[in-house]
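Work through the exercises below with the sequence and the coordinates open. Each task is followed by a solution in steps.

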Amino acid sequence: MPASTAPLKLAAVACVLLFIGLGVYLAPLQPSVVALQLTFTPDAFAQVLQAWGPEGVQRFRNHLVVDGLLMLSYGAAGYLAVVRTHFFEPLANRLPLRWVALLLPVAALCDAGENLLHWELTGSDALAAPAAAAWCLAAGLCAAFKWVGIGVFALAALIARLQR
C-alpha cells in the first residue's frame, strides 16, 4: 500500500499560507527581508536596520516565530514530496533521491541558524559586540545556503516535471 500523501498536503497548504501571510506582514520593510538576509558584514546589516527604523526591526523580530513554522512546513513538504510521491522518480537514474529529499530540510536548518543569528543581531547593541562580524558572516552564509537549497530543489522539480 502506498504511503499517504495527507501529511504532504497538510505541510504544503501550511507552507503556502504561512509564506503568503509573512509576505504580506513583511511587505512594508524596505529594503526587503531578503536584502537583510544577504548581508555579510555588520555595516551592511546596520544599514538595513537603520532604513527600517525601530518599528521595522520590531516587525522583523516579531515574524521570526512564525517563520519557524514556515521552515518546518517547507522542510517537511520537500521531504515528503520526494519520499511519498513518484514525482521525482525521473531523477533517480542520475542521482540518489535521498539527496533531493534532504534539500529542503537542510535549507530549513540553515534558515533556523540564520533566524537565531538574526534574533541576536537585532537585539540591543548586538552589532557592537566583538563577535558581530562573525555572526553577520555566519547569518549571511546560512541564508545563502538556504536559498541555494531551495533553488536546487526547485530546479530538481522542474527537471523531474520536464522528464515526465
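**Exercise 1. The largest pocket**

Task: State the volume of the largest pocket, then find which residues are closest to its centre and which helices line it.

Solution. Step 1: the largest pocket has a volume of about 610 Å³. A pocket here is found on a 1 Å grid over the protein atoms alone, as an open set of points where a 1.4 Å probe fits, with protein on both sides within 12 Å along at least five of seven lines. Grid points are joined across faces, edges and corners, and the volume is the space filled by probe spheres set on the points.

Step 2: 30 residues line this pocket, and the closest to its centre are Phe19, Asp67, Leu70, Lys146 and Trp147. A lining residue has an atom within 4 Å of a point.

Step 3: assign the lining to elements. Helices H1 (6–26), H2 (33–37), H3 (42–83), H4 (97–121) and H5 (132–162) each supply at least two residues. The largest share, eight residues, comes from H3. Helices are DSSP runs (H or I, at least four residues) and strands likewise (E, at least two), numbered from the N terminus.

Step 4: sort the lining by type. It divides into 19 nonpolar, seven polar and four charged residues. Ala, Val, Leu, Ile, Met, Phe, Trp, Tyr, Cys and Pro count as nonpolar, Asp, Glu, Lys and Arg as charged, and the others, Gly among them, as polar.

Two notes on the model apply throughout. This is a predicted model, in which local features need pLDDT of at least 70 and side-chain atom pairs count only at pLDDT 80 or more, while totals for chains, interfaces and linings use all residues. Residues are numbered from 1 along each chain as its sequence is written, and side-chain values use heavy atoms, with hydrogens and water left out.

**Exercise 2. The chain as a whole**

Task: How many helices and strands are there in the chain, and what percentage of its residues is buried?

Solution. Step 1: the chain has five helices and zero strands, so the order from the N terminus is written α-α-α-α-α.

Step 2: the C-alpha trace spans about 55 × 30 × 25 Å along its principal axes.

Step 3: of the 164 residues, 38% are buried. Buried means under 20% relative accessible area, exposed over 50%, and partly exposed in between (1.4 Å probe, protein chains only).

**Exercise 3. Salt bridges**

Task: Which residues are linked in a network of salt bridges, and are glutamate 114 and lysine 146 buried or exposed?

Solution. Step 1: the structure holds two salt bridges. The criterion is a side-chain nitrogen of Lys or Arg within 4 Å of a carboxyl oxygen of Asp or Glu.

Step 2: lysine 146 meets aspartate 111 at 3.8 Å, N to O. This pair joins helix H5 to helix H4 across 35 residues of the chain.

Step 3: glutamate 114 also forms a salt bridge with lysine 146, with the closest N and O atoms 3.1 Å apart. Here glutamate 114 in H4 and lysine 146 in H5 are 32 residues apart.

Step 4: Asp111, Glu114 and Lys146 are therefore linked in a network.

Step 5: check burial. Lysine 146 has 3% relative accessibility, so it counts as buried. Aspartate 111 is buried as well, with a relative accessible area of 3%. Glutamate 114 and lysine 146 are both buried.

**Exercise 4. A nonpolar surface patch**

Task: Which residues make the nonpolar surface patch, and which helix gives the most to it?

Solution. Step 1: Val34, Leu38, Phe40, Leu137, Leu141, Phe145 and Trp147 make a patch of about 600 Å². Patch residues have over 30% relative accessible area and no salt bridge; nonpolar side chains (Val, Leu, Ile, Met, Phe, Trp, Tyr) are joined within 5 Å, and like charges within 9 Å. Areas come from the Shrake-Rupley method with a 1.4 Å probe, and only the protein chains shown count as cover.

Step 2: H5 gives the most, with four residues. Phenylalanine 145 lies in H5 and is exposed, at 52% relative accessible area.

**Exercise 5. Backbone exceptions**

Task: Where do proline 31 and aspartate 125 lie, and what is the backbone geometry at each?

Solution. Step 1: most residues other than glycine have a negative phi, and most peptide bonds are trans.

Step 2: glutamine 30 and proline 31 are joined by a cis peptide bond, with omega about 5°. Proline 31 is in the loop between H1 and H2.

Step 3: aspartate 125 is not a glycine, yet has a positive phi of about 60°. Aspartate 125 is in the loop between H4 and H5 and is exposed, with a relative accessible area of 67%.
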